[in-house]
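This briefing goes through a predicted model by topic. Please keep the sequence and the 3D view open while reading.

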Amino acid sequence: MSAALAEHCGPATLDLGCGTGESTITRATADPSRLVIGIDRSSARLDRHRPVPANARLVRANIDDVLATARAAEWTLDEALVLYPNPYPKSGQQSRRLYGRPALFDLLAVARTIVVRTNWAVYAHEFAIAVEAAGGPSVTPQRWAPATATSAFERKYLAAGHALWAVVVDQSGRAGSPDRATTATPSPIARAR
Ligand SMILES: C[S@@+](CC[C@H](N)C(=O)[O-])C[C@H]1O[C@@H](n2cnc3c(N)ncnc32)[C@H](O)[C@@H]1O
């Protein structure tokens, strides 16, 4: 992954929790100048979508490990996609959600634009609160109603008639962006309280 990024001169996207990689391939096909790296811990899901375009990679890895590595290596990515992340909906599972884990600080440090989509309004709103608590910009979740789905879960939720939400964190105009957040506090949710 680091070799691919080192060789690549154009824009780069991390598709975090890409599942079968459909969104990775769609993004890479739409912009051939962009390197798109899909990350998922499930080889069963990743293996369902081959082959991939030359400017895409599907990598089996843990999101938190990739983000920590990316930050330590000072990668700068212009985009991170977080499409339909595992919601961990029970109240006791809040710290397992991406915005409740220290990985959020690494995400804010390496990605200029972060795009989150979910079918759970609570997740979208709490993600926005956690971003601000972690030192990121103030963002307002918006309803998301695409004409066509870009991922398997988006297709599933659209077919089921679910309302979808998007959170777009744009750090491009901010001083020191994207390497500005700190890992000093273990959970942005804890900070928000
Ligand atoms: C609900 S699915 C969404 C998949 C895809 N983004 C989509 O929209 O169809 C969430 C995916 O995130 C992956 N995932 C969850 N936690 C992860 C982690 N810590 N590291 C890597 N992948 C993870 C799961 O294996 C699963 O494929």
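Strand β2 pairs with strand β3 (residues 56-60) in the parallel sense, and five bridges connect the two. Within that pairing, Ile 37 has Arg 57 of β3 as its bridge partner.

**Strand β2 and its partners**

- Strand β1 (residues 12-16) is parallel to β2 and joined to it by five bridges.
- Opposite Thr 13 stands Val 36 of β2.
- Between β1 and β2 the chain passes through helix α2 (residues 22-30), and this β-α-β crossover is right-handed.
- Strand β2 (residues 35-40) is largely enclosed by the rest of the structure, because six of its six residues are buried.
- In a regular strand, side chains alternate between the two faces of the sheet.

**Helix α2**

- The buried residues in α2 are Glu 22, Ser 23, Thr 24, Ile 25, Arg 27 and Ala 28.
- Their cover includes the strands β1, β2, β3 and β4 (77-83), together with helix α7.

**Shell around the ligand**

- The ligand is surrounded by 20 residues, of which Gly 17, Gly 19, Arg 41, Ser 151 and Phe 153 are the closest.
- At least two residues of this shell come from each of β2, α4 (63-72) and α7 (152-159).
- Helix α7 has the largest share, with three residues.
- Sorted by class, eight residues of the shell are nonpolar, seven are polar and five are charged.

**Largest nonpolar core**

- The largest nonpolar core has 48 residues, and those touching the most other members are Ala 80, Val 82, Leu 104, Leu 107, Val 110 and Phe 127.
- Helix α5 (residues 103-110) contributes the most to this core, namely seven residues.
- In soluble globular proteins, nonpolar side chains tend to be buried together.
- Apart from neighbours within four places in sequence, the contacts of Ala 80 are Thr 13, Leu 14, Leu 16, Leu 107, Ala 111 and Ile 114.

**Residues with positive phi**

- Most residues other than glycine have a negative phi.
- Glu 74 has a positive phi, near 60 degrees, and is not a glycine.
- Glu 74 lies in the loop between α4 and β4.
- Is Glu 74 buried or exposed? Glu 74 counts as exposed, because it has 9 C-beta neighbours inside 10 Å and the cut-off for exposed is 12 or fewer.
- Tyr 84 also has a positive phi, near 55 degrees, in a residue other than glycine.
- The loop between β4 and α5 holds Tyr 84.
- Is Tyr 84 buried or exposed? Tyr 84 counts as buried, because it has 21 C-beta neighbours inside 10 Å and the cut-off for buried is 20 or more.

**Ser 2**

- Ser 2 belongs to helix α1 (residues 2-7).
- Ser 2 has 10 C-beta neighbours inside 10 Å and therefore counts as exposed.
- From Ser 2 to Ala 70 the C-alpha to C-alpha distance is 8.3 Å, with the two residues 68 apart in sequence.

Terms used:
Residues numbered from 1 in each chain as written. Predicted model: local features only at pLDDT ≥ 70, side-chain atom pairs only at ≥ 80, totals over all residues. Helix = DSSP H or I, 4+ residues; strand = E, 2+ residues; numbered from the N terminus. Pairing = 2+ DSSP bridges. Right-handed = clockwise from strand over helix to strand, strands pointing away. Near = placed C-beta within 6 Å. Nonpolar A, V, L, I, M, F, W, Y, C, P; charged D, E, K, R; others polar. Core = buried A, V, L, I, M, F, W, Y, C linked by C-beta atoms within 7 Å. Contact = placed C-beta atoms within 7 Å.
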